[in-house]
Amino acid sequence: MSYSSTVQELIDSLGRLPGIGPKSAQRVAFHLLKAPPEEALRLSRAIVDAKERVSFCARCFNLSEGGDECAICRDPRREERIVCVVEDSQDIVAIERTQEFRGRYHVLQGAFSPIDGVGVEQLRVKELMTRVGEEDIEEVIVATNPNLEGEATASLLVKYLKPMGVRVTRIASGLPVGGDLEYADELTLGRALEGRQVLDAGTPADG
Amino acid sequence: MLIRTLELQNFRSYEEASVSLSDGLTAIVGENGQGKTNLLEAISWIAGMGSFRGVPDDALIRLGADAAILRATVESPDGREQLIEAELPRIGRNRIQVNRQRLSRARDLVGVVQVTVFSPDDLELVKDGPALRRRWIDEAVVSRHPKHDALRSDLERILKQRNALLRSAHGRLDGDAAFTLDVWDSKLAAAGNAMRAAREDLLAEMAPRLAAAYDAVARESAEVETIYEASWHGDLAEALAGSRQLDVRRGVSTVGPHRDEIVLRIGGAPARTHASQGEQRSLALSLRLAADAVVRQAGVAEPVLLLDDVFSELDPGRAEALLDALPGGQRLLTTAAWLPPAATPDQVLKITAGTIVAASG
Ligand SMILES: Nc1ncnc2c1ncn2[C@@H]1O[C@H](COP(=O)(O)OP(=O)(O)O)[C@@H](O)[C@H]1O
Ligand SMILES: [Mg+2]
Ligand SMILES: [Zn+2]
């Protein structure tokens, strides 16, 4: 049996979401079809609202609502001289929870991974270089994930940023290796920020 | 480490099976194609999270079923019992639980149970190309130093990343691409140098045990050597710089531990091309025995021995000799034909059509 084109379109759209395979897409589609109309409408409205109101910050590429720049970039109390570089906006949430960091951020929107077709052009690296050139930035803290791709991204950033005369540091190890920043607990992440170390272009980020 | 019980659901030919294992020698008997090897494969999966037959996990799920489930109770030397559970679904990720606690990183299961597998295919270790010998030594390195599991998987991933980058360069390396290649080169150099050193150290540590194992199994004394032939000299970082043009042109990494060879020699001659089939078989068994002995000697683990159909390939004399050369502890062997007369199993499991029909001993 095959589904009607309306149902198939729903399944296909769900199946294109990250982390959702064909089986899960079917399950979610049937859940929505069986649910009361309000539930499906609430979801569709939430998606449309988010798409309309939320955009990426023109400066740091964090999520931003109600303006070109995100709330952190607009906050005059945040230090301009320190920028913390992360892979995704979720990582900002994790770091903010530690309350250890009062500077600003830069979101790369991914990590360096040739297998996934992600190179320098796919990441917001050139934009970071522009910021380092134009803003009053003294230190760039690289807080990419403590896995292979995160470390490679860190090495790559050092290569680009060191010649610009900015101090580049890496959050200290102590985070679970191979892990995800997003899931690190506040205490560990706070200590990792505090114990950050200067990176040299010559040495790989993982020693 | 002892495996006390094993329970399978929808694993290979087993719909449901459950068995208690003796802590000595267990003989698994039955006609061909009944599920003897499948049983050993289940145990080896728990140890290494993969089939020793080198097939993807999907092949392990019983035809028509959505997921296979493996459950084992194991006992560590200090008497502590652990319940290991693995669910291998056809779709989605494997779920691993130890004592009902889900492991956040599934790979942490590796090393909880250690096994040494002997199979008739081991002959290819001696006769085939270098890839199998690299796999053998890397598995031995990880058994000897469980922390190197991360090194091995990093190395694999770095090579995939570097090769993907080389392919995407389409034979030409412009400024940015050269920069990014530098990054993977430094990762590959660090991991590659470390893996080569670990392999060479282990071969040196193994040498006396390999010699002793060969003498015992072959029942004659011959000089057995392993010679590590690296694909580069000195520091891998420099070798990678030197091969960069070539790598970019070909779109693959032409130097590194994934291109190294381990030459095996018996009496000064390369075993691959000069040794008799019998000598090759003895050497293959000795390679497994030597890796096992090193792990035991270092006190890392007492691997469970899994011997799949190895006696049928040996003449009675060599079979006896192998049986004598085996360390004690928990041993499971399968056979469709005969057992060496000297073998006195503590337990016999008879397998028919994916069910364990009789147990004795
Ligand atoms: N995924 C699977 N689903 C169902 N049966 C399987 C599966 N994989 C293998 N088998 C069956 O298992 C049997 C082989 O079992 P095996 O343990 O290799 O036999 P042997 O007793 O000779 O060692 C074959 O009958 C094969 O069809
Ligand atoms: Mg078999
Ligand atoms: Zn911003």
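Reply: B:Glu87 counts as partly exposed because it has 16 C-beta neighbours inside 10 Å. The cut-offs are these: a residue is buried with 20 or more other C-beta atoms within 10 Å of its own, exposed with 12 or fewer, and partly exposed in between, with C-beta atoms placed from the backbone. The model is predicted, so local features need pLDDT of at least 70 and side-chain atom pairs count only at pLDDT 80 or more, while totals for chains, interfaces and linings use all residues. Residues are numbered from 1 along each chain as its sequence is written, and chains are lettered from A and ligands numbered from 1 in the order in which they are written.

B:Glu87 sits in strand β5 (residues 81-89) of chain B. Strands (E, at least two residues) and helices (H or I, at least four) are DSSP runs, numbered from the N terminus. Apart from neighbours within four places in sequence, B:Glu87 is in contact with B:Ala67, B:Ile69, B:Asn94 and B:Arg95. Contact means that two C-beta atoms, placed from the backbone, lie within 7 Å. B:Thr254 is 167 residues from B:Glu87 in sequence, and 38 Å from it in space, C-alpha to C-alpha.

Now move to a sheet of chain B. It is open, has six strands and mixed pairing, and runs in the order β8-β12-β13-β3-β14-β15. Strands β8 (115-118) and β15 (355-360) of chain B stand at the edges with a single partner each, so one side of each has no neighbour in the sheet. Strands pair if DSSP finds at least two bridges between them. On average, neighbouring strands of this sheet are turned by 20 degrees against each other, direction ignored. Helix α1 of chain B packs on the sheet, touching β3, β8, β12 (304-308), β13 and β14 (347-352) of chain B. The direction of α1(B) makes about 145 degrees with that of β12(B). Such angles run from 0 to 180 degrees between N-to-C directions, with axes fitted to C-alpha atoms, for helices over the stretch in contact.

Take the pairs one by one. β8(B) and β12(B) run parallel over four bridges, and B:Val115 has B:Val304 as its bridge partner in β12(B). Four bridges also join β12(B) to β13(B), again in parallel. There, B:Leu305 stands opposite B:Arg331 of β13(B). Strand β3 (residues 25-29) of chain B is parallel to β13 (residues 331-335) of chain B, with five bridges. B:Ile28 is bridged to B:Thr334 in β13(B).

How many residues of β12(B) are buried? Five of its five are. One face holds B:Val304, B:Leu306 and B:Asp308, and the other holds B:Leu305 and B:Leu307.

A second open sheet has three strands of chain B, in the order β9-β10-β11, with antiparallel pairing. β9(B) and β10 (residues 261-266) of chain B share six bridges. B:Glu229 stands opposite B:Glu261 in β10(B).

Next, the core. Nonpolar side chains tend to be buried together in soluble globular proteins. A nonpolar core is a set of buried Ala, Val, Leu, Ile, Met, Phe, Trp, Tyr and Cys residues joined through C-beta atoms within 7 Å. The largest one has 134 residues, and A:Val85, B:Ile43 and B:Leu283 have the most contacts inside it. Helix α5 (residues 175-218) of chain B gives the most to this core, 17 residues. Leaving aside neighbours within four places in sequence, B:Leu283 is in contact with residues including B:Val126, B:Tyr214 and B:Leu264.

Between the chains, the contact takes 19 residues from chain B and 15 residues from chain A. On the chain B side, α5(B) gives the most, with nine residues.

Finally, ligand 1. Of the 15 residues around it, B:Ser13, B:Lys36, B:Thr37, B:Asn38 and B:Leu63 come nearest. A residue counts as near if its C-beta atom, placed from the backbone, lies within 6 Å of the molecule or strand in question. Helix α1 (residues 36-48) of chain B gives the largest share of this shell, three residues.
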